[in-house]
Amino acid sequence: MEPILFFGEETTTQLFINNCTKAGIYLKGLHGLPTQLTPQQWIWVRTSSFKDTYGDWENWYKCKFLLESEPVSALNGTEFEPILGKTLTEQVSEYFLKLGGIACSPYFGNVILDKKGADDSLAHGMGRKKAIAYAAVKDVIEKGILIDYDFNHKGRNYASAVVCAPITILNNRSICYVTITRKEKSNRYYLHEVWTEKSLTSARSNAVQGQPSHLQGTAKILQNILAAKNFIINLPLDENGEPILSSTI
């Protein structure tokens with residue numbers, strides 16, 4: 001079978017299976033639920049030849065999910081307002097504790113939510129919208145879709161995954177992504193960021209250029225996904241985001 005792309009990296013069929021297994025997505029649909037395809041079909045629909053014939057259904061579905069699906073979290077804009085004598089990440093830590101300190105990812109299982117993660121995200125920059133979106137982190141991990149995976153993040157001997165979902169803040173729609181670090185014995189929330197569709201798709205967008213390096217990579221991935229807005233898909237997709245194969249396909 002022809003080579004297949006695993007998040008931008010070309011692989012052989014067996015390496016693709018091995019990579020997907022390590023990443024927690026083998027024989028799963030785009031939402032992390034069990035596939036309705038056979039193992040052979042699951043691989044086939046992810047080949048270039050299939051997508052050349054029927055359309056890039058993966059990016060098309062991810063784009064539709066981010067731009068048109070029901071937001072996974074609706075925030076009212078009052079979340080984590082300043083409190084005298086308490087830092088932002090202390091507030092977030094208390095909030096995570098009330099949630100049980102865990103988010104359950106359909107891809108990876110339990111993901112630790114704690115002050116360390118809140119501090120790590122703060123260290124990468126903080127604005128008011130991002131502060132509010134701490135309240136969406138659990139929902140994004142549990143209901144978002146995987147858009148990137150790195151087996152050796154920055155050569156540090158651990159993997160990282162990026163999960164993304166639509167949210168609203170004061171009824172204004174945004175795209176929120178969460179980065180999860182995956183080490184041998186644990187998954188941990190590490191970073192989150194919030195973008196508007198306009199900031200990623202505008203002809204004058206500065207979402208990539210001029211942004212800190214830690215934001216540029218994921219912004220480019222999101223821009224590529226949103227570019228699929230006008231793709232043509234020549235087959236129906238199921239509720240898990242995968243092609244429905246008829247007897248004639």
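## The β7–β8 hairpin

Strands β7 and β8 form a hairpin with 2 residues between them, and L170 in the turn has a positive phi of about 55°. The model described here is predicted.

With β3 (residues 73-75) the arrangement is parallel and comprises 3 bridges; I167 of β7 is the bridge partner of S73. With β6 (residues 145-150) the strands run antiparallel through 5 bridges, and L146 has V163 of β7 as its bridge partner.

The strand is mostly covered, with 11 of its 11 residues buried. Both faces are covered: A159, A161, V163, A165, I167 and I169 lie on one side, while S160, V162, C164, P166 and T168 lie on the other.

## Helix α5 and its packing

In helix α5 (residues 88-98), the buried residues are T89, Q91, V92, S93 and F96. These buried residues pack against α6 (115-123) and β9 (186-195). Just after the helix, G100 adopts a positive phi of about 95°.

The axes of α5 and α6 are 8 Å apart and the helices pack at an angle of about 140°; their crossing is right-handed. On the α5 side the contact involves L88, T89, E90, V92 and S93, which meet K115, A118, D119 and L122 in α6. By class, this contact has 4 nonpolar, 2 polar and 3 charged residues.

Note on methods
Residues numbered from 1 in each chain as written. Predicted model: local features only at pLDDT ≥ 70, side-chain atom pairs only at ≥ 80, totals over all residues. Heavy atoms only, no water. Buried < 20%, exposed > 50% of the residue type's maximum accessible area, 1.4 Å probe, protein only. Helix = DSSP H or I, 4+ residues; strand = E, 2+ residues; numbered from the N terminus. Contact = heavy atoms within 4.5 Å. Axes fitted to C-alpha atoms, helices over the stretch in contact; angles between N-to-C directions. Left-handed = near helix turned anticlockwise from the far one by under 90°. Nonpolar A, V, L, I, M, F, W, Y, C, P; charged D, E, K, R; others polar. Pairing = 2+ DSSP bridges.
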